[in-house]
Amino acid sequence: MRSLEEVKAEILESVSPLAPVVVPAGEALGLVLAETVRAAEAVPPFANTAMDGYALRFADTAGATEDAPVTLNVVGDLPAGYAPSVAVGEGEAVRIMTGAPIPDGADSIIPVERTSRDCATRVQVHAEVKLNDHIRPVGGDVLPGDSVFSPGDVLGPASIGVLSSLAVSSVRIYPRPRVAVISTGDELIEGGGALAPGQIRDSNRPMLLAMVTDAGCEAIDLGIARDDESALEEALLDAADKYDAIVTSGGVSVGDYDVVKAVLARIGVLVWSQVAIKPAKPLAFGVIGSTPIFGLPGNPVSSNISFELFARPALRVMAGHTVLERPVVDAVATADFARRSDGKIHFDRVTVSLGPSGFTAERSGGQGSNVLSAMAHANGLAILPDGDGVEAGGSLRVMLLTDHFSYPEGSEFSGAPRT
Ligand code: AMP
Ligand code: MG
């Protein structure tokens, strides 16, 4: 058996980021930037008011209080979206709405809440203001020439907004890897028909297609391959030619029909098996041309965890990410996590809860490598190093698989589910 870290390091060394391409900025959500984006314009493009109120000269408000307001002449009305048509002189004010440009002559804004009106042409100002109060200066967010984003930045929704505010219509990014998914096994059937003796439904392929999509890649469904070496070889070589990566499930352990392992060995690409983890001990990995192929184990939970531990970080490298790993946190075990020493790291499927004193974790169901329902209910994997496990109340390391947690009964913790 080889160690998890050793196998993972070798996989990561054999993949590299895909060649960058240019895409419309609106399609770049979640992608990794491959260029520096510089601002050609200022944001905001002109000085404007942050509040609904009156544009005035701050010196005119000297001595104004709640009970002894100063009165100014209202000489104009300026909504957002229009250029000022009048200047503000001494003793004058312009009614102004959030986002409207500051009229000439004005040097401050009084919020409407601090004013009153007794007629259409005058306003009472009930407080002093200082120079530039509530004025957002030109370029206060971004100045022309500023470097706004750098290579390696992951574009989130706000990034897309910033690009739009700067009229940047396209960006150079690392493309989503196109990942082909193949199930192998003579026992597999597709869809909802009757099962003949010995047959099962294919759960890995839909799951792995979803995991590929969830990892920010483009998933390509190549169906079920039978346990036939020459047919599988042809399918793998063809897929290696067309796609950026291949994920298969089944056929990598030590059975008589373990075709993926056999084919990868025959076409002479790197092959490993037997990683010191449970579940997901068997793994076949190779590179056909420049296309990595992840031969994941057939048992559904093993397939899922093997994808999580090996394929996902490698696909993230290909997509240009530098943060490859899920977050790992400390959690309190709410029950015993007993295990036997066997030279392997165990990854137990757990439900992680988040309460006022931090994370807690309990097993989400049966821990057999075929019990996919417990994987489906898990939001984390407890990482149990070789040994006897962790007793109730002890501390666990848990890899978080989602940003959704459960919350203790009656929890007032922010983010608790609505009832
Ligand atoms: P294998 O590694 O091919 O021997 O498969 C190990 C176990 O996983 C066997 O019980 C298979 O029937 C099962 N299995 C393999 N592929 C799939 C799949 N696509 N969906 C569900 N179970 C599978
Ligand atoms: Mg099989």
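Predicted model: local features only at pLDDT ≥ 70, side-chain atom pairs only at ≥ 80, totals over all residues.
A polar contact is a pair of N or O atoms within 3.5 Å; within protein, one must be able to donate a hydrogen and the other to accept it, and residues adjacent in sequence count only if both atoms are side-chain atoms. Residues are numbered from 1 along each chain as written, chains are lettered from A and ligands numbered from 1 in written order, and side-chain values use heavy atoms, without hydrogens and water.

Stay with ligand 1. It is surrounded by 17 residues, each with a heavy atom within 4 Å. Among the closest are Asp-202 and Gly-298. Gly-251 places a backbone N or O atom 2.9 Å from a ligand oxygen atom.

Now turn to the helices, which are DSSP runs (H or I, at least four residues) numbered from the N terminus. Helix α3 (residues 204-214) packs on helix α6 (residues 300-318) at about 20°, with axes 10 Å apart. Axes are lines fitted to C-alpha atoms over the stretch in contact, and angles run from 0 to 180 degrees between N-to-C directions. The pair is therefore roughly parallel, a label for angles under 35 degrees. Met-207 and Leu-208 of α3 are among the residues that meet α6, where Phe-307 is one of the partners; contact means heavy atoms within 4.5 Å.

Helices α4 (residues 229-242) and α5 (residues 259-266) pack at about 65°, with axes 9 Å apart. They are therefore roughly perpendicular, the label for 65 to 115 degrees.

Methods
Helix = DSSP H or I, 4+ residues; strand = E, 2+ residues; numbered from the N terminus. Parallel < 35°, antiparallel > 145°, perpendicular 65-115°, else oblique.
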